[in-house]
Amino acid sequence: MTITEESGRVHGYADLRRLMGLMTGDEKHGPAATSTLDVLWVLYDRVLRVRPERREDPERDRFLLSKGHGPMAYYAVLAAKGFLPVEWLPRFGAYDSPLGHHPDRMLVPGAEIGSGSLGHGLPIAVGTALGLRAQGLHGPRVWTLIGDAELDEGSNHEAIAYAGPTGLENLHTVVVDNSSASHARPGGIAARFEAAGWSAAAVDGRDHEALYAAFTAPHPGRPHVVVARVEPKNS
Amino acid sequence: MDTMRDRLAPTVSRLLDEDPRVAVVLAEIGKDGFAEALRRHPGRVLNVGIREQLLVGVGAGLALTGMRPVLHTFASFLVERPFEQVKLDLGHQGVGAVLVSAAASYDWPAGGYTHMAPGDVALLDTLDGWTVHVPGHPDEAETLLRHAVAAGDDKVYVRLSTQSNAQARPVDGQGFRPVREGRSAVVVAVGPLLEPVLAATEGLDVTVLYATTVRPFDAAALRRATAAARADVVLVEPYLAGTSVGAANDALADVPHRVLGLGVGRAELRRYGTVAEHTAAHGLDARSLRERISGFLGGGTAA
């Protein structure tokens, strides 16, 4: 891939909305389009040990975007961090663009999985965590991002109920909660993980320091979930 | 005689010893056979509980880290229940796994329709790039399991059954093999239905091809056989009738031909009983097969 001047320059958080605008032709985004933006930025900027030149390194951290719907924030962060050229963004969704409305790991550099159908990322993350452990790779951490309504899918609950009792410590989940589930109870998200033996934290999904603290909190012997609350989708 | 499934745990346990890439994922069913392997390889023998979506998702995750996962449960819970995981977590992610099923089309007739999966191969046919092995004998199952695990990162389905031929034949994990030569038609017998087909076609002037690897479909072998005999083809499959009719038609697209697809009927029988009773009900016993094959060939083709 040719690293152009645009791609090569260092982008910061302040550039993300402009990068998203390259995909949508719009500098303004409703909260739903950016519900994952701060979570993704803090993860890629400060937490995940992965860089474009380490995309194939077995020791890298893995981030699996399960909530593949509305991936503009994800592509913007990947572009800002140099995984993919900024020049790809304006052709978002075009026939021969690598960037679809749901990401495809076979097309997007840095994408660990293809997603779009809900409820696949967490079970695959469990397998990834098990595979690393089986190979004696105890350094890499596995992260997956799901949405609060995505938790409706039963496949997540198969994964949650297995990962807790088996103490899958290298597994991390962040649930971006924009109150989009039709049927939910207050506090229900963290409670479901905690009932299965996970370490859990709930924070303001727009507060970078709070996110960082929750992402890096120790959780010996247990998988860890961070519920990142953002403004309701339909507010 | 032991069953194909009796060979699964010993064969895969040896592969676990031999190859550090190999991992086994179970969903409770079949875990007892792997107790010793679990002690030796606790990180690579995984039982996820009664969670079949997770079974396939975990297999995909293991494959993404470079491992060679072997997933096992009954066919209905391995292919049908988590079909979207098979489609997306393996195919769409570009990773492979070995799926080994048991119970086949009606291995447990008293268990009823919930434990029958005659449509498994037809379902996999909607996806790209699957190899499908249907052994006809426990020895063949062992060989084909080894081929499946050794097949790089391919997507491979191995369909084990309690139904079996009395005698094992050589299998190579690839094409169809002629076991009888004739001139009036070609009968393709899949896996455990070989011996019923041989009995049914006794004295008929037909070629019998034995198929244990049915996907990819061995079009070249069928073309060779039909070039030497007539292009009248009967497919006898131990799963949904007609599953391979399209593949046979494609193989013979440029020559006039006829194809009859025999196999397990689509209609739910709502009967229990024995395997033999279900085989007869689906017209797959030797006497019914002879009648149906002779009828297709025009009646009096007996030599």
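**Two chains, one walk-through**

Hi everyone, let's start with one residue: Ala104(B) sits in the loop between strand 4 (97-102) and helix 6 of chain B. Helices here are DSSP runs of H or I with at least four residues, strands are runs of E with at least two, and both are numbered from the N terminus. Ala104(B) is not a glycine, yet its phi is positive, at about 45°. Most residues other than glycine have a negative phi, and most peptide bonds are trans.

Is Ala104(B) buried or exposed? Ala104(B) counts as buried because it has 29 C-beta neighbours inside 10 Å. The cut-offs, with C-beta atoms placed from the backbone, are these: 20 or more other C-beta atoms within 10 Å of a residue's own make it buried, 12 or fewer make it exposed, and anything in between is partly exposed.

A word on the source. This is a predicted model, where local features need pLDDT of at least 70 and side-chain atom pairs count only at pLDDT 80 or more, while totals for chains, interfaces and linings use all residues. Residues are numbered from 1 along each chain as its sequence is written, and chains are lettered from A and ligands numbered from 1 in the order in which they are written.

Chain A also has a positive phi to show you. Ser179(A), not a glycine either, has a phi of about 55°. Ser179(A) lies in the loop between strand 3 (171-177) and helix 7 (188-195) of chain A. With 15 other C-beta atoms within 10 Å, Ser179(A) is partly exposed.

Let's stay with chain A. It has eight helices and five strands, and from the N terminus on they run α-α-α-β-α-α-β-α-β-α-β-α-β. The C-alpha trace spans about 50 × 45 × 35 Å along its principal axes. How does the radius of gyration of chain A fit a compact globule? For 235 residues the globule value would be near 18 Å, and chain A has 17 Å, which agrees. That radius is taken over C-alpha atoms, and the rule is 2.2 Å times the number of residues to the power 0.38. Buried residues account for 45% of the 235 residues in chain A. Two residues are in contact if their C-beta atoms, placed from the backbone, lie within 7 Å. Among chain A contacts between residues at least 6 apart in sequence, 77% join residues at least 24 apart.

Now, where do the chains meet? 24 residues of chain B are in contact with 22 residues of chain A. On the chain B side, helix 3 (52-64) and helix 5 (83-92) each supply at least two residues, and helix 3 gives the most, with nine. That side of chain B divides into 10 nonpolar, 10 polar and four charged residues. For these classes, Ala, Val, Leu, Ile, Met, Phe, Trp, Tyr, Cys and Pro are nonpolar, Asp, Glu, Lys and Arg are charged, and the others, Gly among them, are polar.

Chain B itself is divided into domain 1 (4-159) and domain 2 (177-297), with bounds from an automatic or database domain assignment. Their C-alpha centres lie 26 Å apart, and 23 residues of domain 1 of chain B are in contact with 21 of domain 2 of chain B. On the domain 1 side, helix 6 (120-124), strand 5 (130-133) and helix 7 (138-150) of chain B each supply at least two residues. Which element gives the most to that side? It is strand 5 of chain B, with four residues. By class, that side of domain 1 has 13 nonpolar, six polar and four charged residues.

Helix 7 of chain B also packs with another helix. Its axis and that of helix 1 (residues 4-18) of chain B come within 9 Å and cross at roughly 35°. Axes are lines fitted to C-alpha atoms, for helices over the stretch in contact, with angles from 0 to 180 degrees between N-to-C directions. Residues in this contact include Leu8(B) and Leu15(B) from helix 1, and Leu145(B) and Val149(B) from helix 7. By class, the contact has eight nonpolar, one polar and four charged residues.

Last, two prolines. The peptide bond from Arg215(B) to Pro216(B) is cis, with omega near -5°, and Pro216(B) is in the loop between strand 10 (213-215) and helix 9 (219-228) of chain B. Pro178(B), in strand 7 (residues 177-180) of chain B, touches Thr207(B), Leu209(B) and Ala225(B), not counting residues up to four places away in sequence.
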